[in-house]
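Me: I am new to this structure and would like to go through it in short steps. Please show it first.

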Amino acid sequence: MVHNHSMVRPNQRITPPGAQTPNTSLPIRLGRRQGQLVEVHAHEPAFGELALVSPDGQSEHGLDWQSERPVALLHNVQRLTAPNPGTMTGPGTNSYLVGDMATGYIVIDPGPDLPTHQQRLWQATGGDIRMIVCTHSHADHSPGARPLQTLCANRPPILGLPSADTARPNSHFRPDRALIEGEQLQLSDKSEQAHTLRAIFTPGHAANHVCLVLEEDGLLFSGDHILNGSTTVIDPPDGDMSAYLDSLDKLDGACKDWGAEFILPAHGHVLGGARAAIARLKAHRLQREAKILKVMQARPDASEDDWLAAAYDDVPSALWPVARRSLLAHLRRLKELSGEI
Ligand SMILES: [Zn+2]
């Protein structure tokens, strides 16, 4: 079947040959961890990934994190996780390879400056990288872009948004060319099989954050705006809670328009039930905000430390230094909403 890309419009998602709609009636899916078959239930983080890769449970899928060779998620989407696991990065930063041997590849988030990782990305694409896209400037996402570009004979352009003045010193980033809102980055071969990534600007986690929708497959690459298994930190002033929530609404609209059911985050497994996941995230943030407001109203003269301890009493205290940044983001937003700033 030959698809003509120009015919693709929102709500007219093209299903690639052989692709299937996920069978949502399966309550348990089987995956493989460290050689063992394991049951994965619908509420577990890896469930969505199994639904994407093996909609009817017809094939086995390994769930161990792979930093040495990429994991195939679809015929035209692979994930290679950088070897930088940690408290802020979870299993590591996911670099995604979109494309195939015939069209060449777009690399999303080349990751931190780790030469072995860039080397493996280069090898996995046979050196045929056409574009490098950074979802945002943070140190675990963009510093690998320039070294990866240097490895490629064709010097593919580095695309994204330049970091804003509010970015921390270790998050300065300047793409070769700034993306345009709604811009389509397209790979195609002579048979007109195309892979088209559409840029969606999503400030909030970082002022220069961009998400991407793979139009033909209805997939959302969410960078750090939406994670699986952890909560995104909103660190003002580059992070902005109101912008974050607005961007979530925008992503919900994009998932609706493009029929996207799966979210591919920069940290963690693929998320299924995209729009429901976005709704849960938004509700979680607003619940936290309501709790903060209640704590402040009960103890208006207490210190920020006291508010933090009370509003995040369900979060391990080891995470409070990070939670404090999100608390500040909520306080700024509450001031905005009350008209104080
Ligand atoms: Zn990150």
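Me: Which residue in E9 does Leu-159 stand opposite?
Reply: This is a predicted model. Strand E8 covers residues 158-160 and pairs with E9 in the parallel sense, over 2 bridges. In E9, the residue opposite Leu-159 is Arg-177.

Me: Which strands stand at the edges of the sheet?
Reply: The sheet is open and has 7 strands, with mixed pairing, in the order E3-E4-E5-E6-E7-E8-E9. A strand with a single partner has one side left without a neighbour in the sheet, so the edges are strand E3 (71-74) and strand E9 (177-178).

Me: Which strands does helix H2 touch?
Reply: Helix H2, residues 115-124, packs on the sheet, and its direction makes about 160° with that of E4. The strands touched by H2 are E4 (77-81), E5 (94-100) and E6 (104-108).

Me: Which residues touch the most other members of the largest nonpolar core?
Reply: That core has 60 residues. Beyond its neighbours within four places in sequence, Ile-106 is in contact with residues including Val-98, Met-131 and Leu-187. The residues touching the most other members are Ile-106, Leu-212 and Leu-220.

Definitions and conventions. Residues numbered from 1 in each chain as written. Predicted model: local features only at pLDDT ≥ 70, side-chain atom pairs only at ≥ 80, totals over all residues. Pairing = 2+ DSSP bridges. Helix = DSSP H or I, 4+ residues; strand = E, 2+ residues; numbered from the N terminus. Contact = placed C-beta atoms within 7 Å. Axes fitted to C-alpha atoms, helices over the stretch in contact; angles between N-to-C directions. Core = buried A, V, L, I, M, F, W, Y, C linked by C-beta atoms within 7 Å. Buried ≥ 20, exposed ≤ 12 C-beta atoms within 10 Å, placed from the backbone.
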